[in-house]
Amino acid sequence: MYIPIWPGNAKTNGATWDGKGTNFALFSENATAVELCLFDSKDQETRIPLTEVENFVWHGYVPGIAPGQRYGFRVHGPFAPNEGHRFNPHKLLIDPYAKALDGEIGYGEEIFGYRWEDPELDLGYSELDDAHLVPKAVVVDESFDWEDDQPLDIPQHETIIYEMHVRGFTKLHPDIPEELRGTYAGLGHPAAIAYLQSLGITAVELMPVHHFLSQPGHLVDKGLRNYWGYDSIGYFAPQYNYSADPTPGNQVREFKEMVKALHAGGIEVILDVVYNHTGEGNHCGPTLSLRGIDNASYYRLVEDDRRYYMDFTGCGNSLNVSHPQVLKLIMDSLRYWVLEMHVDGFRFDLASALARELYEVNSLAAFFDIIHQDPVLSNVKLIAEPWDVGEGGYQVGKFPLLWSEWNGKYRDTVRDFWRGEDSSLAEFAYRLTGSSDLYEDNGRQPHASINFVTAHDGFTLNDLVSYNEKHNEENGEDNNDGESHNRSWNCGEEGETDDPDILELRNRQRRNFLVTLMLSQGVPMMVSGDELGRTQKGNNNAYCQDNEISWLDWDLPKSNATLLDFTRQLIYFRRQHPIFRRRKWFQGQAIHGSGVNDLGWFNPDGGEMTEEQWNAGYAKAIAVFLNGEEIPARGPQGERVMDDSFILLFNAHYEEIEFLLPEGLQARHWQVIIDTKESLLLPEGPYYSGNQPILTEARSVIVMQMR
């Protein structure tokens, strides 16, 4: 079948429909030939050579090609793994700029560029064709009626993040129609949005929605799937099987409808993005896209043995971010999701890997410089997971201006404090007040700290207080996967129990963690389902569990329904009081000291903390005074920001402790608003003044408001 092709242009990578036809363009610096492969409704393939090349971009325009057309590429060049080249035209390749794919990647020997039976593994050349296993890219019509949708632009210090999985959140939701569960349309359904609004969060952070490799071989053999999605294979295409309508390309429209609905509900959308590696894995992985397009350009290869990949991610490969085209791919993808899909920000998985221009992590790497000056990306929320698995990869506190960070030190410190581990109160105080020791010196503000106690990776909140050890047996790796040092405490018995004392302690510990999180300076992030008491039965690495282990269970026992009410009240309390979400640091460089009038630290007898108490690991109790009349930042119209004043009493000791009010605060009346020995906030709590002792339950928090 003859199909005419015109020269087209190299300006825009991928497939660009103009109403009359489609321009196709693909970058490959080392290819010797590129074929555009068009597929009809019966999967019959027509190959069209792209003979025009400009700046290593192979391009051509095909008149009459319209949205819905499915396509891929075959790229010719040397198959010389020892030199870093893995071209193989027997492999249909996914366009890195594809806006949609028509299905999932099938698993089989055909998708590998080498012969399985070859004794040298990846050095052998495979002539098996894999077009029947590789999803086709889809030409899409990007027009969409956004109506009056605009960025919500919620200030960072007012943000409350809810990390969630599109499928897991909606899969069992009883008020979402069954045909929409597990999809973008399900998350955009009024029932889902009403729940998020009632919870009080301001942003959802979606676990990966870039099209990913969902059936890697090591999981297929065990009857499992890649549920989390941290194996991207298409940085522009929304994950196909999260769409309620299987029509190729529909996932783009459905994703936009979801964002539009969330924005209308006052909720921002942040994407968890994985630009540090792809699902093609190491030298023994499949050839699906970048590996076959131009392996030596797109990936970091070992300098003295280019058969192998530099692996800063633990996933087999690392993108070569020092290459201009790789930087362009990432930046084009980011801008696309902001400008075309209207998302509000990004959380960058293993972001330290993106900063590696050579081997060392450099916070001034080209990637960060480009984002800093970009007029689009410099105005959205940018969140780093500030570590990777390479040497020197732990970079908490070292990212540049504009960036917030998942604060791993916050997580570790708060967990240690509440499980009674010996650690200094000074460290706890830094975390509670925004981690100025990490973020103040380079000009950032408290909202640079994304505070979290739990995340998708690790124990849920319920499991954090119910298990000492991980229980990942169902992952099929003999419980060897996942973190072994969880800083968890089972409160006296491993796993499920009927012991009422242990259950009460666990409930109190859950409330302790939530109160600490929501009343800390910085941006709180909670993981979906923690407010429901969700359990993964001790599995702290449920990346492959696309089942009830990971899905939210909406059928709540009474204790968990009460936890949900407590969480809602707590979030509302935070949002009502600007003292807990200050834009600027507390006064002074030191976290403690005399003469600081907006913040005070006291020991249980009401005296100021001594140096010994700050640094003694055995000290487990502290009182914090927050002065609502001394908030330095102005409001959006320049008005003075005023709030009530509060005293927070933290007792992580295994026995109850009596606190006394500091001498300078005894003349005022203080009402208990929160006491974590109670299951709900206290609108009519007791009052204290003078030298009345305030009894705090073992392992509990009391919050008192000045009246």
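I take a residue as buried when its relative accessible area is under 20%. The model I am reading is predicted.

**Entry 1: salt bridges**

I then looked up three of them.

I began with E405 and R444, whose closest N and O atoms lie 2.8 Å apart. E405 belongs to strand β18 (residues 403-406), while R444 is in the loop between α11 (436-439) and β19 (449-451). The two are 39 residues apart, and I noted that the pair links distant parts of the chain. Is R444 buried or exposed? Its relative accessibility is 4%, so R444 counts as buried. E405 is buried too, at 0%.

Next I checked D598 with R582, where the closest N and O atoms are 3.4 Å apart. Both residues sit in the loop between α14 (558-576) and β21, 16 residues apart. I found D598 buried, with a relative accessible area of 0%, and R582 buried at 2%. I also traced a network in which salt bridges with shared partners join R411, D412, D416, R419, E421 and R487.

**Entry 2**

I followed an open sheet of six strands, ordered β21-β22-β23-β28-β25-β26, and noted antiparallel pairing. Which strands are at the edges? They are β21 (599-602) and β26 (687-688), each of which pairs on one side only. I looked at how β26 is attached: two bridges join it to β25 (residues 670-675), and these strands run antiparallel. For Q671 I recorded Y687 in β26 as the bridge partner.

I then looked for a helix on this sheet. Helix α13 (residues 500-518) packs on it and touches β23 (646-651), β25 and β28 (700-706). The direction of α13 makes about 45° with that of β28.

**Entry 3: a helix pair**

I turned to helix α7 (residues 324-339) and helix α8 (residues 366-373). Their axes come within 11 Å and cross at roughly 35°, and I logged the crossing as right-handed. Which residues meet there? From α7 I listed L327, I330, M331 and L334, and from α8 A366, F367, I370 and I371. I sorted the residues of this contact by type and got eight nonpolar, no polar and no charged.

Notes
Residues numbered from 1 in each chain as written. Predicted model: local features only at pLDDT ≥ 70, side-chain atom pairs only at ≥ 80, totals over all residues. Heavy atoms only, no water. Pairing = 2+ DSSP bridges. Helix = DSSP H or I, 4+ residues; strand = E, 2+ residues; numbered from the N terminus. Contact = heavy atoms within 4.5 Å. Axes fitted to C-alpha atoms, helices over the stretch in contact; angles between N-to-C directions. Left-handed = near helix turned anticlockwise from the far one by under 90°. Nonpolar A, V, L, I, M, F, W, Y, C, P; charged D, E, K, R; others polar. Salt bridge = Lys/Arg side-chain N within 4 Å of Asp/Glu carboxyl O. Buried < 20%, exposed > 50% of the residue type's maximum accessible area, 1.4 Å probe, protein only.
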